[in-house]
Amino acid sequence: MPEGHTVHRLARTFAELFAGQVLAVSSPQGRFAAGAALLDGSRLVASRAWGKHMFLGFADPSARTEALTDDDLRWLRVHLGLYGAWTFAGDGSAAVVHAIGAPRKRIGERETVPAGPLDSLPAPDDDWAPPAPRGAVRARLVGEHAVADLTGPTACEVVSADEARAVEARLGPDPIRDDPPPNGGPDRFVTAARRSRTSVGQLLMNQDVVAGVGNIYRAEALFRAGLDPMAPGRDVPAETLRAIWEDLVLLMRDGAATGAIVTTRPEDRDPDGAGGSGAAGRPGEARATVRQNTDGSAGAVPADQAFYVYHRDGLPCRVCGTPVLMKDLAGRKLYWCPTCQK
């Protein structure tokens, strides 16, 4: 499941590729046919994210966009869930196009997004036509220069502005957004956590408590705070929770800007790569790797140096050398250092 920074990058991508354009919307799979019919031929005028939900706002193509409010729009709400993904193709004027001519990029936990606005990229190919849908495409959006295909989402529905606001109201504050209190900021998060007997490790994954945090940010923020993941929320000092919030703001906004999650401090990275999160793990064990959008980019932090504990179970803690532990918590894998997070 993509973390919140990826969904914010997705919302920005839709704005860069399709904002202001009248889109052809369809459902090749057929499961979203009624919703697609409501949006087909509408103009995309808004694109935003809250946590792991993305909202695309569509208007009548004849409407004066400068006079529109949220209440004048139909909203497409998408939650990718565990298996959803957007796949993009373009006419050559957007960075989603592969240099070898197979213009498909997937956005999810491993994501690639346009590098800049369309006017900074090459001229479009006048002979370009969207490729045929591949797989069970729930929704297809076709604009002037690109096509976006959605597969496997948990949610894909057309909602009113009131319904979109109701979804947002149920979500906790999003560290990437600048919403003022009472809906945004640390106070709501701190209050919700301090009321609960649930472990802070579970609370950070509860989207009603804080929106957009996934398994990586959960594990890494708790390590950076030196906090036992099993501590009940009500036992965690308010100042500690506030510091976690501020750290999430820093980390998640950096992820939204760069496309990579990097939580290690420079002094804790091993320049020789020993103890990294790559293929070398416990003897005889194949270790899963985590790819980053910046893999291969000059100056980027290598993926095997990017995390303190995530996917590093059995490897030495970067700070104290104690083997990192892993356990299942509420159906998701939790990683932590038993020494640094007492």
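1. In this predicted model, Leu56 stands opposite Leu76 of strand S4. The antiparallel pairing of strand S3 (residues 53-59) with strand S4 (residues 74-79) runs over six bridges.

2. Helix H3 (residues 161-170) packs on the sheet, where S2, S3, S4 and S9 are touched by H3. The direction of H3 makes about 165 degrees with that of S3. Helix H1 (residues 4-18) lies across S2 and S3 and runs at about 165 degrees to S2.

3. What is the strand order of the open sheet? The order is S2-S3-S4-S9, four strands with antiparallel pairing. Strand S2 (43-50) and strand S9 (155-159) are at the edges; each has a single partner strand, so one side of each is left without a neighbour in the sheet. On average, neighbouring strands of this sheet are turned by 20 degrees against each other, direction ignored.

4. Arg48 deserves a separate remark. The charged end of Arg48 sits over the ring of Trp75, 4.3 Å from the ring centre. Arg48 also lies over the face of Phe55, at 6.0 Å from the centre of that ring.

5. Eight aromatic pairs are found in a search of the whole structure. One of them is the edge-to-face pair of Phe307 and Tyr310, with 5.6 Å centre to centre and 90 degrees between the planes. Both Phe307 and Tyr310 are buried.

Technical notes:
Residues are numbered from 1 along each chain as its sequence is written. This is a predicted model: local features need pLDDT of at least 70, side-chain atom pairs count only at pLDDT 80 or more; totals for chains, interfaces and linings use all residues. Side-chain values use heavy atoms; hydrogens and water are left out. Rings of Phe, Tyr and Trp (its six-membered ring) pair if their centres lie within 6.5 Å; planes under 30 degrees apart count as stacked, over 60 as edge-to-face and the rest as tilted. Buried means under 20% relative accessible area, exposed over 50%, partly exposed in between (1.4 Å probe, protein chains only). A charge sits over a ring if NZ of Lys or CZ of Arg is within 6 Å of the ring centre and within 35 degrees of the ring normal. Two strands pair if DSSP finds at least two bridges between them. Helices (H or I, at least four residues) and strands (E, at least two) are DSSP runs, numbered from the N terminus. Axes are lines fitted to C-alpha atoms, for helices over the stretch in contact, and angles run from 0 to 180 degrees between N-to-C directions. Contact means heavy atoms within 4.5 Å.
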